[in-house]
Amino acid sequence: MIILENNNLQVKINEEGAELTSVWNKVAQLEYIWVGDPKYWGRHAPNLFPIVGRLRGDQFVVDGETYYMNQHGFARNMHFDVVEQSEQEVVLRLSDNESTLRIYPFKFRFDVRFILTNQDEVKIDYIVHNPDEKETLFFSVGGHPAFNLPLDGGKFSDYYLSIEPEIVYDRVRLVGPYSNPNLPTPFNANIPLRLRQEDYHDDAIVLKLDRQRTSFLLARLANQHGMKMTVENAQFLGIWTPAGKEAPFIAIEPWWGIADTVDATGNFKEKFGVNVLAAGDTFEGSYSMTFF
């Protein structure tokens, strides 16, 4: 387990999946990251790569060959190597190998960087490099951090999510596990989203961000403690808690990619929302979380 620490926060990261497992506020004596109770959902904040969401039939095609992959990809279940570390920063790396190439026929280097940028903020960078000298890399990447609710009293429905800029976003509807971007519905961010368990019976609320800088304030009306996430350049954001479980957490998920569409052909190079990275190029996506 890796520990980053400053005067206010202690952050724990597991090399398995490069997963953030704890953000402990030493001043308030408060844990923000979901505890991972398997009764509800046994993870904390997995990193999603090289897909986000589900593939139709859990399969995809590249150059006529069919490959199989489970929801959210393989990175969350693999060991990452620590390549840089200091008291307030760490970089963990996953690279292609024989086992990944059997299920995902692309060379890659995937770094996850955690930085304590100030006393109350954790920044996470996803850095994807294409080391191939000729071939283009196709991938999706995303975060899935979940937060304990309630944090410091009250109940789940006392909390809200306030979004800036306060505009009308396209909400991408899900049909089962698949996306339907052709029939978006308006989502008015002028009104804070009150968190209600019953709103997630059709899975996540997915907003189209179009890579614009967007912030999400998670708090309750009394506003004692909460979290503000700032997403720099993501395509989408998912808001999720498991339906029907009354789970005491909410996940706020920045995505550079999305689940297969309801009419996806399976051709991975034509996948909706896929990122395309030329040989030798590097992609970077980032988000930060300020805890109060």
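The structure is a predicted model, in which local features need pLDDT of at least 70 and side-chain atom pairs count only at pLDDT 80 or more, while totals for chains, interfaces and linings use all residues. Residues are numbered from 1 along each chain as its sequence is written, and side-chain values use heavy atoms, with hydrogens and water left out.

Side chains of opposite charge can pair when their charged atoms come close. A search of the whole structure finds 13 salt bridges, each defined as a side-chain nitrogen of Lys or Arg within 4 Å of a carboxyl oxygen of Asp or Glu. One of them joins Asp-125 to Arg-113, with 2.9 Å between the closest N and O atoms. This pair links distant parts of the chain, twelve residues apart: Asp-125 belongs to strand β11 (residues 121-129) and Arg-113 to strand β10 (residues 109-118). Strands (E, at least two residues) and helices (H or I, at least four) are DSSP runs, numbered from the N terminus. Asp-125 has 0% relative accessibility and therefore counts as buried; here buried means under 20% relative accessible area, exposed over 50%, and partly exposed in between, using a 1.4 Å probe and protein chains only.

A salt bridge is also found between Glu-232 and Arg-213, at 3.1 Å from N to O. Its partners sit in distant parts of the chain, 19 residues apart, with Glu-232 in the loop between β21 (227-231) and β22 (236-240) and Arg-213 in the loop between β19 (205-208) and β20 (214-220). Glu-232 is partly exposed at 28% relative accessibility, whereas Arg-213 is exposed at 55%.

Asp-260 and Lys-271 form a further salt bridge, at 2.7 Å from N to O. Both residues lie in the loop between β23 (249-256) and β24 (275-277), so the pair ties together parts that are eleven residues apart in sequence. Asp-260 is buried, at 5% relative accessible area, and Lys-271 is likewise buried, at 7% relative accessibility. Through shared partners, salt bridges also join Arg-113, Lys-123, Asp-125 and Glu-284 into one network.

Turning to the sheet, four strands form an open arrangement in the order β1-β2-β3-β4, with antiparallel pairing. Strands β1 (2-5) and β4 (30-31) are the edges, each pairing on one side only. Pairing requires that DSSP finds at least two bridges between two strands. Strand β3 (residues 19-25) runs antiparallel to β4 and is joined to it by two bridges. Asn-25 stands opposite Leu-30 in β4.
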